[in-house]
Amino acid sequence: MKSFYLALCFLLALFFLSCSGENEEGKIRIGFSQAMTNDDWRRSMNNSMKLQASMNPEIDLQIKDANYDVLTQIKQIDELIADSVDVLIVSPIQSKPITSVVKKAIKAGIPVLVVDRKTEDQQYTSYLGADNIEIGRNAAKEIIASNYNDSIRIIEIKGLAGSSPAEERGMGFHQIINQFNQAQVVATINGNWEKESVQNRLRVLLKEGVKADYIFAHNDRMAVGAWEVARELGIENEISFIGVDGLAGTNGGIQAVKNGVLKATVLYPTGGDEAIKLALNILNNESIPKNNILSTTIINELNADIMNNQFEKINDQQAQMEEQLAAIKKQEELYYSQNNLLKITMALLAIILSLAVYSVYSIFAIRKKNRQLVLTNDKVTVQRNQIEKIAKEVKLSNEAKLNFFTGLSHEFKTPITLILSSIESMSDSAKEKGSRMRNEVELIHNNSNRLLRLINQLLDFRKIEDRNFNLRASKTNLYSFSKIIFKDFEREAKKSNIDFKLTSNNESLDVFMDRNLMDKVYFNLLSNAFKFTPENGKIGITIEDDERSNTVNIRFKDSGIGIPENEMDGVFKAFFKGSNNRKNSSGIGLHLSKEFVEMHKGTIQVKSLHGTEFIISLYKGQAHLDETEIISEQDLVDSNIIDFSSEHLIDDNYLVQAPSKNKEKYSVLIIEDNKDLSQFLKNKLQLEYDIHLSDGTDAIEKAFETVPDIILCDINLPDKDGFEICEILKKDLRTSHIPTIILTALGNKESYIKGLQSGADLYLTKPFSYSILVQSIKSLLYNREKLRYYYTSNIHKIEEINSFGNIEQKFIHQLNSLINENLGNSDYSVENLAENLTISRVQLYRKVKAMMGISISDYIANIRLEKAKTMLETSSLTVAEIAYANGFSSPNYFSTAFKNKYGTPPVAFRKSV
Ligand code: FRU
């Protein structure tokens, strides 16, 4: 295609070149340096040159006018030489000054044709002009012939001194005159070819009394000028005037002869046309005579008419020729334009034809290409499908492997939790059984913990890869948080005699952090520090709160083996292992730490100089976090560390007292299909709680039946999953008030949200610490207890308290309206009330007991007594009337019950109001 366009462009260029009319190349370039153009003789010379040149289309004639200035003429000839004209024609103003530049042209290889006036040494190719000596002679002969016997006085008016015609005409004139004694030149005037140059001088001579019979002027213009002076003096008829040139036309010498102004004129032809012809001959290398003499003749009253007619004829012919030339030129132009049009048409036709051929060729080529493309496309599609299929298979198998691996890791968690919890119990008895046992238990404990951390790291890595982490930052005292983790490592520091320190310049600084994630970061950095720091070394955690900036730095510095300089860049990459690290390591701990810190919009850097230093920078405040990343309520998910912010601190004293010996124990329903775990929990918890077990198949029935004080529920269960069970129980009036803890190995975001949606109160991820589970149970029961206390002491306001769930609120509202509606009816029983609420008497009892900590009958009595108390305070009814109005069967029974509750009988109470 490209080559086709190139060929087309080439064709078009050729065509346009051929269209451009006359070609500059092949032209004959003639340069003419004209002395001046201010008189008719010169103009006639130029015209005849032009006419002759136009008859020869290949001649390019360039005329330069020196305007009587010798220096200008030299300069112009120089230009023509530089322009490398083919032939140079020169009509010099004066002979001498022009000589050298003409020689220069000859030297440059340009033939020079000198016309009219000559140069000094005659070093030119050729000369063309009339014989000026002959002209002078002719003029003298004319004078002598008509005055043969008389004495003749003559005034000679010369042309420009230094120009050859002036010299030669004078010479020829004197040659003849000198032969005749009666003829005498009485005065000579030096002119410059123009009449103005001689008139003054002539006037003076004539006025001085110089007598002349003849005035011979070297040209007609000066001769007529002389006549004008004579006429001015009234002596024009006494003198005969003879000039040179003999031009035709109204101002010419012939007309002056005819008019009687001049006696005669000597013909001096311009030779313009001959000059062009001669130039062509020179260029054609024809042999040319050095001097080409134009013929001359005397024109007087005898032949003036004939000459005039001749010249007029010549002029007419010239005019006709000019017209014809113009017509020819027009025809030529027409020819060129038509020729060009024809060429354009032909070229276009050629282009159209080649385009048509090319189109046909292209159609076939494109069809062929298309067929090839379709084939290639089919091949590519088949290959792509194969690749897609393989990729899908690889993805599926990868996914399956990863799921298997993740599932397996989850599976590990439950047994490890059991092992760890068992070890926790064993360690107590190990204390008593001597140090060997204690060491072994500690060994098992440490290694199980390590195993657990590794599994957690692997699962976290997967979660990070899947972008499945959700930051849950809460306001945390940084120093206290660090202190707790610091304490975990203190023992290890002591063992290796490591100088382990925690310092802070602002112990009360709070930051928003996800404690669970930052705990892992701290743990990882400190584990590494301890791993690589030898005995007697140093490890320090330094908290630097820069009050002027918005960040806090936490530095973990050790005096360990450090990291090689060239490996620093890779420290935070997954699976990194330093070349100087001989210890086992998963290689993902630091990678996870970086990810976790960056989830806080913080940074972590590493420096290694005499040990290693990790610097974590966190923003202070919460502006850098998203609203959804901040939790203001108590954390729902187990964070493996105790929530130590003051408002959440568990009142241990109260918890110890809570299940008092006199009172019945709280009941716990454990829904868990792993028998080992449920048995383990039962064994541990049954000291303090009544335990009910369900493997998940009868979970809901068990819950309705036992209405426990708290439910522990696994997620992965054989029948309904834990979320569904939780949702059903939370929506049912009978069980909706029961705090529910979900126990699961699923620690991802979706599960957490699902847990929230199902209404669970707490979400503990496996492995959970047993002590945290116990704390959590106690904490939930304590909260419930606090609520109960609050409700029972504010029974009249109970409906305004919004801490219960919707179902509870509705239930209490219904309960209270039924009780209030039947306040005056002493027959209205608990059975009637349960029936109206469409639950069983036992369920009503348990529900009210669980919510308010009192029996339903006490609750009804409390309402009645509260109401009665208000009436005692505000109404004027009698005590008996108030007793009956509030459903007491007798005023005495009312008085006893009132005294039991408020310490004073109703009558005394009224008096005290
Ligand atoms: C024209 C002219 C003529 C004369 C000739 C001599 O310029 O003055 O009148 O014959 O030059 O070169």
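This is a predicted model: local features need pLDDT of at least 70, side-chain atom pairs count only at pLDDT 80 or more; totals for chains, interfaces and linings use all residues.
1. How many bridges join S6 to strand S8, and do the two run parallel or antiparallel? There are 4 bridges between S6 and S8 (residues 214–217), and the strands run parallel.

2. How well covered is S6 itself? Of the 7 residues in S6 (residues 152–158), 6 are buried, so the strand is mostly covered. Ile157 belongs to this strand. Its relative accessibility is 0%, and because buried means under 20%, Ile157 counts as buried.

3. Ile157 is worth a click for its surroundings. Setting aside neighbours within four places in sequence, Ile157 is in contact with Ile189, Val198, Ile215, Phe216, Ala217, His218, Met222 and Ala226. Val198 lies 41 residues from Ile157 along the chain, yet their C-alpha atoms are separated by 7.4 Å.

4. Next, helix H3 (residues 70–82). Does its length agree with what its residue count predicts, or disagree? With 13 residues at 1.5 Å a residue, H3 should span 18 Å; the C-alpha atoms at its ends are 19 Å apart, so the two agree.

5. Which residues of H3 are buried? They are Val70, Gln73, Gln76, Ile77, Leu80 and Ile81. Because these residues cover an arc of only 145° around the axis, they sit on the same side of H3.

6. Turned away from the buried side are the exposed residues Leu71, Lys75 and Ala82. As for the buried residues of H3, what covers them includes strands S1 (28–34), S2 (59–65) and S3 (87–90), together with helix H4 (95–107). Just after H3, Ser84 has a positive phi of about 50°.

7. Further along, have a look at His624. It is placed in the loop between strand S19 (612–619) and helix H16 (652–657). His624 has a relative accessible area of 18%; the cut-off for buried is under 20%, so His624 counts as buried. Not counting residues up to four places away in sequence, His624 touches His600, Lys601 and Tyr619.

8. A word on confidence. The chain averages a pLDDT of 85, and 87% of the residues score at least 70. Residues 633–662 are another matter: the pLDDT there is below 50, although this stretch has 45 contacts in the model beyond near neighbours in sequence.

9. Finally, the whole chain. Its secondary structure comes to 28 helices and 24 strands. Of the 913 residues, 46% are buried. Among contacts between residues at least 6 apart in sequence, 70% join residues at least 24 apart.

Definitions and conventions. Residues are numbered from 1 along each chain as its sequence is written. Side-chain values use heavy atoms; hydrogens and water are left out. Buried means under 20% relative accessible area, exposed over 50%, partly exposed in between (1.4 Å probe, protein chains only). Two strands pair if DSSP finds at least two bridges between them. pLDDT is the predictor's confidence in each residue, from 0 to 100. Contact means heavy atoms within 4.5 Å. The expected span of a helix is 1.5 Å times one less than its number of residues. The arc is that of the directions from the helix axis to the C-beta atoms.
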